[in-house]
Amino acid sequence: MSGPADWRRPDAIRLVASLPMAVLVLGPDLVIASANPAAEQLTGQGARRLVGKAVAQLFSFQEPLILERLADGDAQLFARGAGVRINDQPVRRLDVMTAPVTHFPGWQMLVLHESVGVEALSGDGAGAGGGEGVALRAPEVLAHEIKNPLAGIRGAAQLLHRKLAGAERALTELITSEVDRIAKLIDQMQSLSQRSAEPVVPSNLHEAVRRAQAIIAAGHPAAVAIEEEFDPSLPPVLCNPDALVQVLLNLLTNAREACGQRPASRIAVRTRFASGIQVHAGPGGKPLRLPIELRVSDNGPGIDPGVRDHIFEPFVTAKKQGQGLGLPLVQKLVRDMNGRITHDRDDTSGWTHFRLHLPIAKADSAGLKKARP
């Protein structure tokens with residue numbers, strides 16, 4: 001009887017040829033070296049005609065960043081719904097992915113796919129981060145592998161807590177609480193595709209900001225100081241406190257990375273009333289007012305113009321080492337709290353702003369206190 005070792009197994013060429021998306025292998029000079037049948041079908045040309053053509057000769061990308069990444073030769077990119085013109089055909093919306101070939105410097109793979117049947121999370125348009133059409137399922141795959149080491153970290157922190165005293169014990173308490181928060185966040189991420197949301201409760205907005213700042217300061221003591229401009233008269237907001245801290249951590253971390261080591265770098269957090277902002281709850285529903293604004297700003301170079309309109313879409317990033325999941329998760333968490341998040345760049349002043357708008361907690365809720373600064 002023949003065992004598994006005797007099976008005839010398909011080679012890599014056969015596997016690539018079977019893929020439903022177009023795969024083109026590019027040499028260091030960005031000339032097509034090979035193409036699978038799906039690429040032939042997409043371009044309307046056979047492999048013999050495709051091989052030897054320069055990418056720029058065959059494809060015209062509306063997003064300049066795609067060609068820039070290809071020219072880099074060692075960068076990854078995933079752009080959903082990018083405008084692509086093939087030869088003289090009308091522009092089509094394709095998912096575009098680039099990736100370097102391991103152990104072959106300069107060689108890359110260009111993958112194009114016409115996405116269909118994608119489940120949308122929800123959306124209000126590009127200005128409010130409308131690119132939410134892809135469910136974030138990648139965290140579900142990683143959740144189990146992440147939770148195991150988290151449990152070990154929590155146990156080690158508890159052991160250290162027993163042996164330390166004074167201010168040092170506060171650090172172990174911070175580790176433990178953050179592990180618990182991350183574990184809970186992973187649970188939430190696992191249910192993203194099911195559109196489930198944690199309950200919202202009246203919360204102190206400024207306490208969430210301070211907690212996020214403390215976490216960043218503990219991990220990055222030399223980080224850029226965060227300027228505060230808080231409105232002490234703000235009432236509590238209706239949100240999920242842990243999710244709000246996660247949102248702030250992502251936004252403040254992005255701001256810190258954007259500033260880098262530049263001299264005169266500044267990060268500012270501002271809270272204020274923003275009357276007049278409201279969203280519609282759906283057909284027949286009453287408009288929901290979002291009068292509380294929290295703005296996270298930095299004077300870094302700003303987001304690449306080529307991806308500014310897509311920063312809330314999964315896997316879209318201008319960072320070489322980025323995965324493009326941070327801001328999509330931020331948007332999902334904010335929408336689960338019935339809030340909205342927007343982004344804008346003030347080129348005149350050189351500041352980048354992320355504005356988070358949240359609903360106010362009901363004034364008749366028992367035991368509420370103002371969001372003291």
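How many bridges join β1 to β6, and do they run parallel or antiparallel? Some notes on that and the rest of the fold follow.

1. First, the caveat and the answer. This is a predicted model, so read what follows as a description of a prediction. As for the opening question, β1 and β6 are joined by five bridges, and the two strands run antiparallel. If you want a spot to look at, leucine 24 stands opposite leucine 110 in β6.

2. The overall picture. The chain has 373 residues, and 41% of them are buried. You'll find 10 helices and 15 strands in it. Take the contacts between residues at least 6 apart in sequence: 62% of those join residues at least 24 apart. The accessible surface comes to about 20,000 Å², with 56% of that belonging to carbon and sulfur atoms.

3. The six-stranded sheet. β1 and β6 belong to an open sheet of six strands, ordered β2-β1-β6-β5-β4-β3, with antiparallel pairing. At its edges are β2 (32-35) and β3, each of which pairs on one side only. Going from strand to neighbouring strand, the average turn is 35°, direction ignored.

4. Two pairs are handy for finding your way along them: valine 96 stands opposite leucine 112 in β6, and alanine 99 has methionine 109 of β6 as its bridge partner.

5. The helix on this sheet. Helix α5 (residues 64-72) lies across β1, β3, β4, β5 and β6, and runs at about 110° to β4. Which of its residues are buried? They are Leu65, Ile66, Arg69 and Leu70. These cover an arc of only 140° around the axis, so they sit on the same side of α5. Pro64 and Ala71, on the other side of α5, are exposed. I'd point out that an arginine, Arg69, is among the buried residues.

6. What α5 packs against, and how it ends. The buried residues of α5 pack against β1 (22-26), β3 (59-61), β4 (77-86), β5 (92-100) and β6 (108-113), and also against α4 (55-58). After the helix comes glycine 73, with a positive phi near 85°.

7. The five-stranded sheet. There is also an open sheet of five strands, in the order β8-β10-β13-β15-β14, and its pairing is mixed. β8 (226-229) and β14 (340-346) each have a single partner strand, so one side of each is left without a neighbour in the sheet. Neighbouring strands here are turned by 20° against each other on average, direction ignored. The partner of β14 is β15 (residues 351-358), and these two pair in the antiparallel sense over seven bridges. Within that pairing, arginine 340 stands opposite histidine 357 in β15.

8. The helix on that sheet. α9 lies across β8, β10 (267-273), β13 (292-298), β14 and β15. Its direction is at about 25° to β13.

9. Cysteine 259. Where is cysteine 259 placed? This residue is in helix α9, which spans residues 241-259. Is cysteine 259 buried or exposed? Its relative accessible area is 1%, and since buried means under 20%, cysteine 259 counts as buried. Leaving aside neighbours within four places in sequence, its contacts are Val224, Ser265, Arg266, Ile267, Asp298, Asn299 and Gly300. For glycine 300, which is 41 residues away along the chain, the C-alpha atom is 4.5 Å from that of cysteine 259.

10. Cysteines in general. Cysteine 239 is buried too, with a relative accessible area of 0%. If you're wondering about disulfides, a search of the whole structure finds zero.

11. The C-alpha atoms of leucine 160 and threonine 172 are separated by 6.9 Å, and the two residues are 12 apart along the chain.

Conventions
Residues are numbered from 1 along each chain as its sequence is written. This is a predicted model: local features need pLDDT of at least 70, side-chain atom pairs count only at pLDDT 80 or more; totals for chains, interfaces and linings use all residues. Side-chain values use heavy atoms; hydrogens and water are left out. Helices (H or I, at least four residues) and strands (E, at least two) are DSSP runs, numbered from the N terminus. Buried means under 20% relative accessible area, exposed over 50%, partly exposed in between (1.4 Å probe, protein chains only). Contact means heavy atoms within 4.5 Å. Two strands pair if DSSP finds at least two bridges between them. Axes are lines fitted to C-alpha atoms, for helices over the stretch in contact, and angles run from 0 to 180 degrees between N-to-C directions. A disulfide is a pair of cysteine sulfur atoms within 2.5 Å. Accessible areas come from the Shrake-Rupley method with a 1.4 Å probe; for residues, only the protein chains shown count as cover. The arc is that of the directions from the helix axis to the C-beta atoms.
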